[in-house]
Amino acid sequence: MEGTLFPNRPNPPTKPPQSTVRLKFHPTTLPLPPQPPSPPSFPLDSLLHHLVHHSFPPSYKTHIPRPLKSVQNLNSPLISSDFHDKQQSHSDNSNSVLVSVFENVKEDAQSANGGFDFLPLRCKFMLNSILDQPLSGLNDFFDSVRFELVDLDLIGLLKSLDLSGNWEKAILLFEWLVLNSQDTSNKLDNQVIELMVRVLGRESQHSIASKLFDKISIKDYSLDVRAYTTILHAYSRTGKYETAISLFEHMNEKGLCPTLVTYNVMLYVYGKMGRSWNKILSLLDEMKSRGLKFDEFTCSTVISACGREGLLVEAKNFLADLKSQGYVPGTVSYNALIQVFGKAGIYSEALTVAKEMEKNGCPPDSVTYNELVAAYVRAGFHEEGAALIDTMTQKGIMPNTITYTTVVDAYGKAGKVDKALSLFNQMKELGCAPNVCTYNAILGMLGKKSRSEDMMMILSDMKSNGCTPNRITWNTLLSMCGNRGLHKYVNRVFREMKNCGFEPNRDTFNTLINAYGRCGLGIDAAKMYDEMIKAGFTPCVTTYNALLNALAQRGDWQAAEAVILDMKNKGFKPSETSYSLMLNCYAKGGNVKGIEGIANEIYNGHIFPSWMLLRTLILANFKCRSLMGMEKAFQELQNNGYRPDLVLFNAMISIFARNKMYGRAHEMLILIEKSKMQPDLVTYNSLIDMYATAGGCWKAEEILKGIQKSGSKPDLVSYNTVIKGFCRQGLMQEAIRIYSEMTIQGIRPCIFTFNTFVAGYAGQGLFTEVKDVISYMIQHNCRPNELTYKTVVDGYCKAKKYEEAMDFLSEIRETDNSIDELSLQRLRSHVREKMESSLVD
């Protein structure tokens, strides 16, 4: 990058070429500026319509069972294939903590021989009637046969519905019984509850189970350990951690002995709830005292809990202690530890664990590589993460949907939309079907870029691939509306989301708090926090981060500090996101000391220096124009082996240019080249500004032409900066020439463009030309602002023409009736102050 485009420092301006035609701000000598563009539209109505059209309630109601048409047919084995498929999917899920709970359900079903001879005749008729009903009409049917149902053998009826593959209808009947508990409470005995707990758990209907068991006084029933464990699992999956803990304590009080699976569920509960490391240690001690041996789920759950809390040392020590006691970690445990370091962005430690894994004869699987990919991209190494896809293939491990989704999501967050879409298309071509997480990542990425048409195409693609939008899809749309400041749409999307059967969970509430915060509606964000508590969800680190984000939007660092203090007082450990939001809050509020405080904690080792956090630290210092803070943070980023992205390089070039450190700016350009990155428009605009500010206006124009030659298109900032450079050198004809080129390219000037010309002419005492510019502005619907007129009177005052300045102000209303009297009063006072100051001098 050496040569004419990137010299070490700007060259002094050379003699301008002579213009053959003198250009003026007049329609006869200048091309008319293009019409103002229509405001960019984002058809949220169409997008919302697509999402509603493609969504189905997240419940059992989407399953269409095989109907049984007659009583005679009930004697044949008609357990549906759907039932077997679901059983198989559960038993194959090696990562589920409830595998052992359901491992004998299939045997139970098969042992029934497919017959229903145990049913009384009335029950058989009722069963057949229920099977003849569509799912949508069952509640009305149950209401019509209310009294008959109460007198039937409910346990036999429910079991028959389940064994015939109609588990959805069994759940609907159970739901009706619960909601009509005044009439049927005596029929909901232990057997009914235990049966339906098993059905709900087996079919992963956690949300429904959680709601129903909230309505039943479950503690009044004498259930077995397996049933309690399944209910605990339902509560854990729906975020009702306090309820799960209360039920677990009730189990112990009744003298029931929890199994290994029960303890694994509770470890998961405490891990998800947060601030519970001591509780986890206590549970582990309790397990040891009861002679229970830890399995892979125990180990991985504890390690994952450490990862959520940022307890990296504790995670490493936990596994080391187990190994010292003879425990041999398996793939699941190693993968959990890799994930812990990957989440923290410590890719070097993640790689070390992977090497230990192979050394100990524990072969990595697709999950291992997925976590390594995540570790790379978390540390800013997107290409290295993508390269692991080829490594997996070479080792005979096929990349799966999670692998591709991780890289697609990373590209999207880095703003590399085309690369993300290219990889998305590649995975489909290779036969790897995207799942709802992949589509959600793509939708979130496109939403940030306001590419609504592409988003609707993705939703259509989801439908054609049989992939139904889920709660996270809706959360993504909520977040997008919040990012765009569309608070009315936030409310509407939330309402439609619930209409489609998606009840808000803790993540939804966190998203809403975030969305209202980004819209500047701090009060609404606080109200949503209260709503979340009322709904029975406990706040987590993400909740606090959502509140911090709301405060960061307005730079209220004092309130943000109170949130951080409240987190710590309640046992939560602030995450890297928490500290990043605090840095943004300090930067927005101009609190350099606050930024320095967090920086010192990072440099002293009290806060882990992740890539994300150091990146935020550099940009926070940039917003506050703290050169020293930026340099130190940038050096720390490099010392930790992280790779700066183009945004950081651009920020460094800009701060060096602003401080006339041209050699250092040139070093950043060399680093961009060494990193095999291509400068973007922001890079070029920073260079243009550097030369223009230093007087190298011709060099600034040379870079402007270089942008065009490279096939890129300069923007308004590019042209304005070159115009500024010429105006500062008094080269007004050259500035008008650039202006003319800009308008020919279809770029409409803004108030900054015209104010720059006003300042250039006024500085030279060319007040006739100043008035021409102002007249031209008004004619082309760009009203002068107070700064425009202040610049003019400053020019008069500089030339000591105070009376002319006052005359100019008195004549403004003749041509511009948009300026208010208060502004004119301020301008008159400004002239009088300048005049009085000159008399004193």
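I begin with a pair of helices. In α21, the residues N370, V373, A374 and V377 meet I402, T403, T406, V407 and A410 of α23; contact here means heavy atoms within 4.5 Å. By class, this contact of α21 with α23 has six nonpolar, three polar and no charged residues. Ala, Val, Leu, Ile, Met, Phe, Trp, Tyr, Cys and Pro count as nonpolar, Asp, Glu, Lys and Arg as charged, and the others, including Gly, as polar.

This is a predicted model, in which local features need pLDDT of at least 70 and side-chain atom pairs count only at pLDDT 80 or more, while totals for chains, interfaces and linings use all residues. Residues are numbered from 1 along each chain as its sequence is written, and side-chain values use heavy atoms, with hydrogens and water left out.

How are α21 and α23 arranged? Helix α21 spans residues 366-378 and helix α23 spans residues 401-413; they pack at an angle of about 10°, with their axes 9 Å apart. The two are therefore roughly parallel to each other, a term for angles under 35 degrees.

N475 counts as buried because its relative accessibility is 7%; buried means under 20% relative accessible area, with a 1.4 Å probe and protein chains only. Beyond its neighbours within four places in sequence, N475 is in contact with M497, N505, D507, T508 and T511.

Finally, the cysteines. C585 counts as buried, at 0% relative accessibility, and C727 is likewise buried, at 7%. A search of the whole structure finds zero disulfides, a disulfide being a pair of cysteine sulfur atoms within 2.5 Å.

How values were computed: Axes are lines fitted to C-alpha atoms, for helices over the stretch in contact, and angles run from 0 to 180 degrees between N-to-C directions. Helices (H or I, at least four residues) and strands (E, at least two) are DSSP runs, numbered from the N terminus. Angles under 35 degrees count as roughly parallel, over 145 as roughly antiparallel, 65 to 115 as roughly perpendicular and the rest as oblique. Buried means under 20% relative accessible area, exposed over 50%, partly exposed in between (1.4 Å probe, protein chains only).
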